[in-house]
Amino acid sequence: MYLYVELWNVTESWMKLSKDKRREFFDKMELGVREIMDSGAEVTGWAMNDEHTPYRSDYRYMAVWKLPSIDDVEKLEKAVADSGWHKYFSQVNARGEMIPMPKVIEKLINIEAHSTSLID
């Protein structure tokens, strides 16, 4: 199981679209999202980044997904790119296979300066 986090802001191109064009864009996106969800993906949630968040990122919007495999993650990434999303939203992502907290803690405790991987 993979976690996938999207963080984004609107671009000037989005702001120039009429509300009807914005609605059209999301109506088309909904079809692609349904296909991804039919494969077992789950949207944990969408949110707006709280302005009082300590160490807050500069991104206003977010979505968190749980996806069954790396193949599903890559399908999501392709669907987002193919939709034209990046024309209207500046975005950063984070993804990784879910691992138990004790394993992460052990890796953090034992990490060496030359290590580039959190897990082996």
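Leu 67 is in contact with Met 1, Tyr 2, Tyr 4, Ile 36, Ala 41, Asp 72, Val 73 and Leu 76, leaving aside its neighbours within four places in sequence. In this predicted model, Leu 67 is also among the residues with the most contacts inside the largest nonpolar core.

**Overall architecture**

- The chain contains five helices and four strands.
- Along the sequence, these elements follow the pattern β-α-α-β-β-α-α-β-α.
- Taken along the principal axes, the C-alpha atoms fill a box of roughly 55 × 35 × 25 Å.
- Of the 120 residues in the chain, 22% are buried.
- Among contacts with a separation of 6 or more, 71% are between residues 24 or more positions apart.

**The largest nonpolar core**

- This core has 18 residues.
- The residues with the most contacts inside the core are Phe 25, Trp 65, Leu 67, Leu 76, Trp 85 and Phe 89.
- Two or more residues of the core come from each of β1, α2, β3 (61-67), α3 and α4 (85-88).
- One of the core residues with the most contacts, Leu 76, is also listed among the contacts of Leu 67.

**Helix α3**

- Helix α3 has 13 residues, and the distance from its first C-alpha to its last is 18 Å, close to the 18 Å expected at 1.5 Å a residue.
- The buried residues of α3 are Asp 72, Val 73, Leu 76 and Val 80.
- Seen down the axis of α3, these buried residues fall within an arc of 105 degrees, and they therefore line one face of the helix.
- Lys 75, Lys 78 and Asp 82 are exposed on the other side of α3.
- The cover over the buried residues of α3 includes β1, α2, β3, α4 and β4.
- Just after α3, Gly 84 takes a positive phi of about 90 degrees.

**Salt bridges**

- A search of the whole structure finds three salt bridges.
- One of them joins the side chains of Glu 30 and Arg 34, with an N to O distance of 2.8 Å.
- Glu 30 and Arg 34 are separated by about one helical turn, because they stand four residues apart in helix α2 (residues 19-38).
- Glu 30 has a relative accessible area of 39% and is partly exposed; Arg 34, with a relative accessible area of 48%, is likewise partly exposed.
- Another salt bridge is formed by Arg 95 and Glu 77, whose closest N and O atoms are 2.8 Å apart.
- This pair links distant parts of the chain: Arg 95 belongs to strand β4 (residues 89-97) and Glu 77 to helix α3 (residues 70-82), 18 residues apart.
- Arg 95 counts as partly exposed at 43% relative accessibility, and Glu 77 counts as partly exposed at 26%.
- A further salt bridge connects Asp 82 with Lys 78, the closest N and O atoms being 2.5 Å apart.
- Asp 82 and Lys 78 both lie in helix α3, four residues apart, which is about one turn of the helix.
- Asp 82 has a relative accessible area of 55%; because this is over 50%, the residue counts as exposed.

**Asn 9 in strand β1**

- Asn 9 lies in strand β1, which covers residues 2-10.
- A polar atom of the Asn 9 side chain lies 2.7 Å from the backbone nitrogen of Arg 60.
- Not counting residues up to four places away in sequence, Asn 9 touches Asp 58, Tyr 59, Arg 60, Tyr 61, Tyr 88, Phe 89 and Ser 90.
- Phe 89, which Asn 9 touches, is one of the residues with the most contacts inside the largest nonpolar core.

**Gln 91 in strand β4**

- Gln 91 is found in strand β4.
- The relative accessibility of Gln 91 is 16%; because this is under 20%, Gln 91 counts as buried.
- The side chain of Gln 91 makes a polar contact of 3.2 Å with the side chain of Glu 6.
- A polar contact of 2.4 Å joins the side chain of Gln 91 to that of Trp 85.
- Leaving aside neighbours within four places in sequence, Gln 91 is in contact with Glu 6, Leu 7, Trp 8, Tyr 59, Trp 85 and His 86.

Terms used:
Residues numbered from 1 in each chain as written. Predicted model: local features only at pLDDT ≥ 70, side-chain atom pairs only at ≥ 80, totals over all residues. Heavy atoms only, no water. Polar contact = N/O pair within 3.5 Å; in protein donor to acceptor, adjacent residues only side chain to side chain. Contact = heavy atoms within 4.5 Å. Salt bridge = Lys/Arg side-chain N within 4 Å of Asp/Glu carboxyl O. Buried < 20%, exposed > 50% of the residue type's maximum accessible area, 1.4 Å probe, protein only. Core = buried A, V, L, I, M, F, W, Y, C linked by side-chain atoms within 4.5 Å. Expected span 1.5 Å × (residues − 1). Arc of directions from axis to C-beta.
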